[in-house]
Each structure stands twice: as C-alpha cells, then as structure tokens.
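Here is a short note for a colleague who has not seen this structure before. Please read the points with the model open.

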Amino acid sequence: MVINKKYKSKVEILEVATNLMSAEFKCPERFAKHAVDFRLKPIIDSMISEIHAVFETPYVDKVYRDSYYGYFSSKSQDYNRDCIRISFFSCEINDETFRDASIVETIKNNYLGFIVLRPTLPNIIGRTVINPKAFIDNNVSVCSTLIPATVDSIKFNVEGFPWSSQDTETITCAETTLWSLMEYFGNRYAEYRPILPTKLIETLKRVSTERQVPSKGLNLQQMSFALKEFGFGTRIYHKPQYLTDFNSLIGSYVEGGIPIITALENGEIKHASLCIGQCDVTDDKIDSLGEKVIGINRIDGAFKSKGLKIYDYQEIERDFIFIDDNRPPYEKASRNAPTIGYPDANWHSCQISAIIVPLHTKIYLEAYEAKNYALNLISQIYTPASPDEEILIRAFLCSNRSYKHGLALDSDMDIDIRNILLELSMPKFVWIIELSTKSLVKNKKANGLIILDATEASTTYFDPLVAYIHNGELISFDPSTNDIVRNPLTLNEFSIFENNLKKF
Amino acid sequence: MAEQTLSKYEEFLLKLKDEGKSKAFNSEDDMKIINSINEISIEIKRTYEEKNIRSQEYASQVIFK
C-alpha cells in the first residue's frame, strides 16, 4: 500500500487523482482526466475549501472486488482488481499525523469520510461515505449512520449516508439505490446486513426472466422484492393514486427517519434515487401552506360543518435531500422538482412518480391509513370553541424507544405529564401525530398529541389508539377496565419531536 | 401477597376515577362517535387497498436505470 498525504488544494487533489488513475488503472491520461472532470470534480468543487486528502493505493474495496470477480474479470478487457481511495480531513495532514496518539485523537473529529475510485471509466466513483459537514451547502437533517474506515492504519468512523455512482454494467441506478439503502441499514441496525452486488443479483434471479448482467435496470416490483428478501415489509405508492396526499406521505416517512426509494421519470428518463432527509421549514412557507384536501368525504364534511381548518405540516414546501448516483451526495431539491440540479436540462422536468418505503416487518399501519385515522378521530371527537379554528397536524413514524427518549428530555412539557406518558404502554413502533397551529409550529411547538400503534393493522373502533390528548382531555385505554376512557388532562405547549433525523 | 406496583399512568387513572372525573367512552353521544369512526375507518381502508392494488400494477411496468 502506497500512501500519499498532504494534498490540500482542490486542484492538487484532482491532479493527483488523475495521475494515480492513469498509473494504477493503466489508462491514457486524457481518459483519466475526463473521468475525473466528469465525476470527481463536481463532488470536490462542492466541498469546503479547507479540505485535505490522503490517497491510498492499491486499495481493496469490497464492493468493487465483488463486481470484479462476479463480472469484470470475465471480460476480455483487462480490468484492475484494485481501487484508489481518497480520505478527507478538515485539518492539515502530514507524515507524523497518523503516528502520534495525541494528534490522532484530535483529528478524529476532523475526519470527513472517503471516496473510492474504481477502474470502471468513466464511472469511477465507487463506495463513498462523506460527512455532510464536508460540503459548502450543508445545513441539512438527514438519515445518517457511523461507518468505520481505516486510514494509514488508524481506525476512524465517518458519519454520513453511503453513496456510489453506478458502473452501468453490474449495477445501474436501481441496484445502486438498493445497495446504498442496505449499506445504511446494515451499518445502523443489527437486524439488517449490507449487501454486495452479486448477492443482489442472486436474490433477483427468481424475479428475472432474462440474464441480469449486464444490467438493464429494475422495475419497482423487483426492487421491492429485493428489499422484502433483505428483511423489510415494503410498501409502494404510485403518485396518481395519492395525488395531493403523495408529497405528505414522502414528508411523513422521511420525518420518521426512513430513507425511501424515489422513482423519477419524465417520459423518456426513468431513474431511481433515495430521499434521505430534508431542510428546515421557513416561516414564509408555513404561512403559504394551504388547507389540506383530505379526500375522504365524511371527514372533509365533518371539518367543514365544524368550521375547522386543517393543515398538514408534511405538505409544507421545503427542499429534501436526495442520494442520486448521478449527482454529488446530499443533493437538495424539492419534491416537485427533484432533478432541477442536473446540468442537462432534459432532466429538469422529472417528477417523483412513485416511492418504495422500506418498513420494518412489524409495522402494519402505514402512513395513509394512520394519518386519515387520526383525522377521522379529530373530526368526530373535537368540537372547536370558535369558527375558523385551525389544527395543523404533523405526522411521522417513530420507534417507542426514540420517542420516549425525546419525551423524557423535553423540559417544555410538565414533568408530571411527561411521567404519565412515559409510563403509557406503547408498542415497538408508533405513529406520532402532533397537533399544532401555524403560529405555534413556527416556534417548533405543539399543543396536542395523538399516538397510534403502528404495529396494529386493524383500524376498527379505537384499536390503533394509544392516546389522544387534545383540548384538555386524554382518551386512552384503561388496563384496569379493559375499556377506552376519557380523563381531564391539559397539555400545555411542548416542543415538537425532531430527533429522527441528524442535523448537520 | 405483594401489592401490585402501579405505573404513574395507572395511578393517574385511578386518582381521577376516585375523584369521579374519569368517564367511560360509553354515553349515547360517545357511541355515535364510535360508530362514525368505525364506518369512516372502513372507507379509509377500502380506499387504501384500491390505491395499493393500482400502485402494485404500476410497479411491474417501468424499468428504472
């Protein structure tokens, strides 16, 4: 292993990458330069100026090595089986950095991640994990996990979301999206495993009628099948079926910390990416939020007759964060224009036509039913004190563990009420529907709460209800009588829950 | 026999019951509410199932690459 350190200008980094690729991958320098300019430069250009790189070569990357033995080694053209890896730091690096224990301790916070360059020109960007802090335009809230890496024999961890470009032969956007999702879940939760390309190909054999490599892409059914095989209970949502609810569904799942597969198309182009987070909501966007069109006549009718205006936080316009193998990681774009950042204008009209949501197998109550059940409850139970009252709902999925952790530390909520809620029996996963108003939510506050059992498939009567706390009353299950009861409980303003996504 | 320990939630329910402030959800008005909730829930579920079937039909049609 040859290690080159000390590269601290973006121009130097790109030059070294070009020279190393030409030497190690045995390709003409002009091809290496084209690949670097086409693929690596956009990423480096979007990074902060204080960036230092460490190059390691030859580097054994497990994902490329798997593709090499599964496909590239069988071709007549001679492919290198090793890669080059670039590791990034936000502090100066020299020959002594990785040999002094005290210096190593201090630079651990400066480690920003890595990019693997693989010999599949021009699609050279392989397995990549970069901390969002490394980018000039950060200020994002995203799903993230810690991924270990060793740089010059020293162990580090990078916090971020895995990303790769497709090599267009063993993996297209569809397979890359699946790989990225499993790399995230496999590193974050013990019940899942990261996958390699040959494992994905093997898994999809049963639902493929032609040869699988070179890959021609996958349809959503195949992608959903693969996720099911890897341990998820997936749900597919096609936009024309959900119309005004569609963006809200995306918002609710992402707010719950679930990265979702987004199918992007505009007639000619059909591309898959991941939506993994969002940007902050601004006051002007809250102000411009229109009333929710519920689409269930009896609920709409009940709200109209009571003069109650309903707003949905998840419909508020804001940028979401995409992991797109054609673009640098953490691409910001709106749900209505997810490919606006592409330099090729042909891509700008792409829309999200469908999403695949990788739910835990025990989550039986999905977002459409959960939200409408909550709206159903409000429409039947709540009578506003005055006409033109408003309720803004903010719905998201959460684990019991995460929610109670956040609740326990929410000093805005009265301690006695907190303790009552914390000792409510809750299932492993819950739907949280915070009830608020436009002015309250601008200060990140709510004044009501509905908690639904996400592991309950039945929405008969009060089956999924854990607690309904609004307007001075608590409706919940009394274990001593096995019945639903109403009790007086005043919930003052409390902080909305934002702990499912990590803010950078 | 050892006395069963109650959670703070159960203590809260017991206290309000003793004070006469707790109400079962079983008045005539409450039953109307419950029936409406149930009827609407059935409609929501049926609507969702139709949307889900159509979504799955689409899922087999388009290749993404």
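1. In this predicted model, the buried residues of helix H1(B) are covered by elements that include helix H14 (415-422), strand S22 (473-478) and strand S23 (483-488) of chain A. Helices (H or I, at least four residues) and strands (E, at least two) are DSSP runs, numbered from the N terminus. Buried means under 20% relative accessible area, exposed over 50%, partly exposed in between (1.4 Å probe, protein chains only).

2. H1 of chain B spans residues 8-18, and its buried residues are Tyr9(B), Phe12(B), Leu13(B) and Leu16(B). They lie on the same side of H1(B) because they cover an arc of only 95° around the axis, the arc being that of the directions from the helix axis to the C-beta atoms. The face turned away from that buried side carries exposed Lys15(B) and Asp18(B). Just after H1(B), Gly20(B) has a positive phi of about 80°.

3. Eight strands form an open sheet with mixed pairing, in the order S13(A)-S17(A)-S18(A)-S20(A)-S21(A)-S22(A)-S23(A)-S1(B). Its edge strands, S13 (308-312) of chain A and S1 (23-24) of chain B, each pair on one side only. Two strands pair if DSSP finds at least two bridges between them.

4. S17 (residues 389-399) and S18 (residues 429-436), both of chain A, are antiparallel and joined by eight bridges. Cys398(A) has Val430(A) in S18(A) as its bridge partner.

5. On numbering and limits: residues are numbered from 1 along each chain as its sequence is written, and chains are lettered from A and ligands numbered from 1 in the order in which they are written. In this predicted model, local features need pLDDT of at least 70, side-chain atom pairs count only at pLDDT 80 or more, and totals for chains, interfaces and linings use all residues, while side-chain values use heavy atoms, leaving out hydrogens and water.

Terms used:
Contact means heavy atoms within 4.5 Å.
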